[in-house]
Amino acid sequence: MVDNAGMRRARGLLVFLLLALLGVGVVADRALRTQDEAALTLAAAEVRDTARLEAFSVRAHLARLETSAAAGSAAPPVVAHRVRSPPSRARPRPSEGYQARHPSRLTSLLSSTEATSNSLPESLVAAVASGALSQPRRRQVLAKRLLSGELPVHPADLPYLARLVGAEADPRLAPLQALLESAPATTSLPELPAFQRTVTDDLLVGWARSGDELVHYRVPWEHLAAVAAIEGALVTRAGAETTRAETVRVDVPDLPELMLEHHSTTASPTSSLLTRIVTWSSLGLLGLAGWLLTRALDRQAAALRRERSFLAAVTHELRTPLASVRVLGETLAEGRGNAREYGGLIADESNRLDALVDRVLATTRLDEAPQFVPTSPLELLTTVLEVVRPRAGRLSVVLDTRLPTELPQARWDADAVRRAVHGLLDNALRHGCSQGGRIELTAQRSDDAIVVSVNDDGPGIARRDRERLFGRFERAGSTAGTGLGLHLIEQVARLHGGRVELDVPDDQGCHFSLWLPLHPPASDEAGGS
């Protein structure tokens with residue numbers, strides 16, 4: 001058997017191991033957290049790098065689209081136009097005398113792409129002067145050149161000039177006028193291959209100058225994102241302000257108003273999270289196991305202390321009657337003293353020894369299966385009274401019994417119940433009342449149980465001792481004894497499916513009630529009925 005010192009060492013080692021496990025858990029968790037942070041940082045960097053590459057990809061594909069627009073080979077949904085720059089509004093000047101020019105000279109001016117000093121297309125002015133507008137074919141050619149943007153025209157003059165060539169109902173008129181009205185000032189535009197780019201709604205609009213011509217294109221963001229094969233989304237800078245905090249945004253080169261938006265994956269890696277959960281769960285289970293083991297060691301140490309206290313109490317209890325028997329026997333052997341008186345004293349001490357041995361033996365029988373047999377409760381109580389009454393008389397204790405004339409048959413472990421009732425009376429004689437006190441034994445039927453009550457008029461039991469009084473090796477205060485009597489009584493009650501109750505009215509005297517079913521559930525399982 002391990003001694004208390006060994007248990008203390010084992011407990012200390014266990015606590016050390018638990019603290020070491022806690023330290024390992026903290027270190028492992030910190031390492032996993034660091035790993036998660038590094039993984040998230042790397043993932044964010046990868047997202048940002050990907051966004052930058054995609055932004056350059058958008059810019060590269062936009063350059064291709066602009067090249068196609070400048071060459072006039074753009075395909076839908078890209079819309080591209082190449083028109084003559086609108087002439088500036090000059091102060092009206094006298095006519096240059098186109099009507100007075102030779103007809104051959106006017107005919108050569110019909111293909112002109114220049115503007116007059118009055119900001120009108122020179123070819124149309126020459127056509128009016130030469131009368132060429134009366135020829136349908138000439139009028140159609142001039143209308144085609146006008147509406148295709150080949151002629152320099154101010155947007156405010158376009159409706160009048162369209163009526164002049166009979167094209168006021170042509171569907172190309174309104175788009176051309178809108179295009180010319182939206183064109184920036186020619187002096188502010190860069191020369192090809194550079195473009196002035198603006199963002200409007202979901203379109204990207206570009207303007208450039210090529211000599212006396214304007215190059216214009218419009219491309220939807222979705223088409224630009226599709227041809228660039230990007231995973232992010234193109235947004236304006238104003239729209240990007242409302243995005244989530246974990247969004248990565250990168251400017252598209254040469255497009256300050258357009259941004260590429262990527263959503264960063266900020267969730268913790270699943271494998272690392274599962275590892276942390278498993279780690280802490282395992283440490284928690286180990287900690288729980290360690291705590292339970294510590295409690296078991298504490299209980300074992302307490303049990304060892306109680307057993308040592310029990311052995312000391314039993315030794316003391318044995319020594320006292322043995323010493324008395326020895327002294328009385330030596331006195332009688334020397335021929336001194338009253339033989340009858342000393343013989344009675346020796347008998348009393350022998351009874352004390354016998355009771356003590358019975359209690360010690362009873363503790364070893366608690367694990368044995370009870371022997372349920374038909375029992376007469378009234379006869380059982382009578383036999384217990386016959387044993388206890390002489391002792392009560394010697395102590396001048398009044399033993400008052402209130403037993404009914406009849407009690408139903410029960411199926412009990414008769415020896416165990418007899419020991420329990422005897423234990424209640426013995427406890428009352430030893431601790432419950434003083435010389436000349438009073439003990440009351442009653443029995444009655446309550447439904448399907450017999451209630452045996454033992455009352456005394458002793459000093460009672462302190463409240464702090466009542467809850468633990470039925471524990472093994474537990475004693476009330478500094479009361480002498482082994483601390484087994486009430487524990488054995490409670491065990492007998494439990495074996496029979498009953499209970500023991502303690503009542504201390506006004507902290508004066510004790511009232512013990514032993515409840516025993518007539519037919520305990522265990523007796524049916526044992527095969528009796």
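Visitor: How many salt bridges does the count come to?

Guide: The count comes to 16 salt bridges, a salt bridge being a side-chain nitrogen of Lys or Arg within 4 Å of a carboxyl oxygen of Asp or Glu. This is a predicted model, in which local features need pLDDT of at least 70 and side-chain atom pairs count only at pLDDT 80 or more, while totals for chains, interfaces and linings use all residues. Residues are numbered from 1 along each chain as its sequence is written, and side-chain values use heavy atoms, with hydrogens and water left out.

One of the pairs is Arg84 with Asp212, whose closest N and O atoms are 3.7 Å apart. Arg84 belongs to strand S1 (residues 79-84) and Asp212 to the loop between strand S3 (203-210) and strand S4 (213-220), so this pair ties together parts that are 128 residues apart in sequence. Strands (E, at least two residues) and helices (H or I, at least four) are DSSP runs, numbered from the N terminus. Arg84 is buried at 13% relative accessibility, whereas Asp212 is partly exposed at 44%; buried means under 20% relative accessible area, exposed over 50%, and partly exposed in between, with a 1.4 Å probe and protein chains only.

A further pair, Arg494 and Glu490, has its closest N and O atoms 3.5 Å apart. Both residues lie in helix H14 (residues 485-495), four residues apart, about one turn of the helix. Arg494 is exposed, at 54%, but Glu490 is buried, at 18%.

Arg499 and Glu501 also form a salt bridge, at 2.7 Å from N to O.
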